[in-house]
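Subject: Structure handover and notes

Dear colleague,

I am passing on the structure below, together with some notes on what came out of it. Please read the notes with the structure open beside them.

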Amino acid sequence: MDKFIILATKNEGKIREILDILSEYRSWIKTLKDLNLDIELPEELGESYEENAFIKARYIAELTGYPVIAEDSGLEIDALKGELGIHSARFGGSVGYKEKIRLVLEKMKDIPWEDRKARFVCKAVFYDEKEDIKIITGGKVEGYIAYEPRGERGFGYDPIFYFPPLGKTFGEINEFEKNKYSHRFMAFNKLKLFLECFYKGGKL
Ligand SMILES: O=c1[nH]c(=O)c2ncn([C@@H]3O[C@H](COP(=O)(O)OP(=O)(O)OP(=O)(O)O)[C@@H](O)[C@H]3O)c2[nH]1
Ligand SMILES: [Mg+2]
């Protein structure tokens, strides 16, 4: 079978962004959907982004025998002692992002601007069981939690993540801008260095 890498995430927003960042590798990357793999990813029981990214990658690698890329990410809010962190997706239970955002803003209602610092964090993992390779790269982007949601673009908490260099929330910027500045871009751009050597070097 042709060489390929499986992208182990169920999040459509992430898939869109990652495929765009790794666009030159698009023909080698298969999403779970491309493979008709209609499965749940395992519970994210790790204590860090790295552990959770690896839990997802290893599960799909063991299931398929192929190299896998996965990532775990989150929104850290200083005023909430670093939460939501690795619990960002689970925050508020099984409610939609409109409600999760409402809950964050409710918790932050008395917090002044200077104490609303927050960051998006991403850890990306490339895991190849056969070749015994595990690469982890990371990225972070600093901003503030806006007083109210703005913009409909991106996904998740993007409408309340205010990014000072552009004077906009991540919900207001287009996909080119997000993929220039985001935590995900930083992590996957570093992973690209490895893919460049390993894939273009013809090792796989
Ligand atoms: O507005 C956002 N813009 C982003 O760029 C971003 N990156 C991460 N997050 C949030 O952090 C959690 C990830 O959780 P997570 O890594 O477990 O992913 P997930 O469960 O959605 O998909 P999967 O990859 O596990 O299948 C989720 O709540 C995301 O909304 C973001 N929110
Ligand atoms: Mg998840």
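The notes below go from conventions to the overall fold, then to the ligand and the annotated sites.

This is a predicted model, in which local features need pLDDT of at least 70 and side-chain atom pairs count only at pLDDT 80 or more, whereas totals for chains, interfaces and linings use all residues. Residues are numbered from 1 along each chain as its sequence is written, while chains are lettered from A and ligands numbered from 1 in the order in which they are written.

The C-alpha trace spans about 55 × 30 × 25 Å along its principal axes. Of the contacts (C-beta atoms, placed from the backbone, within 7 Å) between residues at least 6 apart in sequence, 60% join residues at least 24 apart.

Around ligand 1 there are 21 residues (C-beta atom, placed from the backbone, within 6 Å of the ligand), the closest being Thr-9, Asn-11, Ser-73, Ser-88 and Gly-156. Strand E3 supplies the largest share of this shell, four residues.

UniProt, in an unreviewed entry, places the feature "binding site" at Glu-43 and Asp-72; such annotations may be inferred rather than shown by experiment, and the positions are given in the numbering used here, with feature names shortened. The two positions are spread over 30 residues of sequence, yet they cluster in space, with a largest C-alpha distance of 12.2 Å. Glu-43 sits in the loop between strand E2 (29-31) and helix H2 (49-64) and is exposed, because 8 other C-beta atoms lie within 10 Å (exposed means 12 or fewer, buried 20 or more, and partly exposed in between, with C-beta atoms placed from the backbone). Asp-72, by contrast, belongs to strand E3 (residues 68-77) and is buried, with 26 such atoms within 10 Å. Beyond its neighbours within four places in sequence, Asp-72 is in contact with Glu-44, Tyr-49, Asn-52, Ala-53, Ile-86 and Lys-123.

Best regards

How values were computed: Helix = DSSP H or I, 4+ residues; strand = E, 2+ residues; numbered from the N terminus. Contact = placed C-beta atoms within 7 Å.
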